[in-house]
Amino acid sequence: MIRQTSSCLISFKSEIKSVTAFGVRYITTVGQYTHFVSVKMDNSRHYDNPFEDYPNPTANTVVSDAANEINENFQQRLRVYTKKLMDRLEEKKKYWTSNDDYSMYTGLAGIAYMFFQYGKCFDESVYIDKATELLRICADKFRGKKEITFLTGIVGPLSLGAVVFHSQGFQDEAQNMILKIKSLSPIVLNESNDLPDELLYGRAGYLFSLLFLNANISSAPIEDELIKQVVALIIKSGYLYSASRKYKTTLMYEWHGTEYIGGAHGLAGILYMLLQARQYLTQTQLERDIKPALEFLQSIRYPSGNFPSSIGSHTDKLVHWCHGAPGMAMLFCLAYKIYRDENYLKTALKCGEVIWSRGLLKKGYGICHGVAGNAYTFLCLFQQTKDIKYLYRACKFAEWCTDYGTHQIRSPDRPFSLFEGLAGTIYFLTEMQQPLSAKFPGYTI
């Protein structure tokens, strides 16, 4: 979007000579005169929310207040649009199979995850078969080393593969994948290596995989002791780093020299994983280690209710799952469920207001930093409160997503992937069919 800032912008062809941080400088020539025209670029990160909030006179076309669920006609509309987007993805298969990215985050495994969810939701086994085929390809790329996380490492394809193959009766293949995941535990538990603790590339991402396996395969294939060891090391690492920097929090972490706060790289994502492993935690760990870190997070909120992306950041601008209010809302909903502290719920609800106001992102429709990912906040708040307002808000963000590609300033690097592109939007719209059981992929168990 371009906002005109000069009254001398007239109707003749201009040639762009330079682009600066402040916008575009045009040089135009009319006769013997040269004119310099400044055009300021609109650098806001979100569109103004055009939707009327709940309640309103037309809300009953979207949700049923009496039944506390989505209106059947609107749900059918979502089904139709979801299928259209699926058809678009499949038409472009040659583009998303032509690279060597096998990760959940931006690669083939993430698309397989979406196929699996779609097949289960709509009872279309052909998509479960597609997921199985893709996961076999991904699993063959096992290389060990430090690829220990669900979202960016080989552990993600192996974990999902184990779940899918187990559900399909391929027990030997599933067991082989589980053994490969366990074989990486010495790397995760090695205190002397440079492995980070965050979700995307570190120990919290390995912890998610272990919890994911136990939640989706019975009998639970991962021993309690391994999970407890991973949890204890994540907590110990956070303690040591926080003490070394003299922070007023029990736990703090850094990644690439920055102390991130959000879901993908930071403290919030790590705490969320730890709290989801609460059955493996002691009461001391819950009260002495994790609770003070939650209170520290609350203390650094912006007045708007949003959160900084990292320690020392003072720009209240990022409203993404990876940085900002969306990942925080899920954390504090879970914290409220565990600790029953009303302040945690208030924090989560305030995050919801930030996202309703600023969550229709110009970056697009993705899970990591797009509208679909932000909409999961409303599903989380609906699950926690059962307030129909949040289901309505999720529906309106879903409606925005059905107009895929219209409201987007640039195409993502991986435009068909789970976390950056079309597959993630399809995944979210699929979950809108069963909003009470929706779970943010790679983040919520």
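Residue numbers start from 1 along each chain as its sequence is written. In this predicted model, local features need pLDDT of at least 70, side-chain atom pairs count only at pLDDT 80 or more, and totals for chains, interfaces and linings use all residues, while side-chain values use heavy atoms, without hydrogens and water.

**Stop one: the largest pocket**

Select Y272, Q276, K337, T444 and I445. Of the 26 lining residues, these are the closest to the centre of the largest pocket. A pocket here is an open set of points on a 1 Å grid over the protein atoms alone, where a 1.4 Å probe fits, with protein on both sides within 12 Å along at least five of seven lines; lining residues have an atom within 4 Å of a point. The space comes to about 550 Å³, counted as that filled by probe spheres set on the points, which are joined across faces, edges and corners.

Now colour α8 (203–216), α10 (267–276), α12 (325–339) and α14 (371–385). Each gives the lining at least two residues. α14 has the largest share, five residues. Helices are DSSP runs (H or I, at least four residues), numbered from the N terminus.

Next, colour by class. The lining holds 15 nonpolar, seven polar and four charged residues. Ala, Val, Leu, Ile, Met, Phe, Trp, Tyr, Cys and Pro count as nonpolar; Asp, Glu, Lys and Arg as charged; the others, Gly among them, as polar.

**Stop two: the second largest pocket**

Move to Q117, K120, Y427, E431 and K439. Among 23 lining residues, they lie nearest the centre of the second largest pocket. Two or more lining residues come from each of α3 (108–122), α5 (155–167), α8 and α16 (422–431). The volume is about 380 Å³. α3 supplies the largest share, five residues. By class, 13 are nonpolar, seven polar and three charged.
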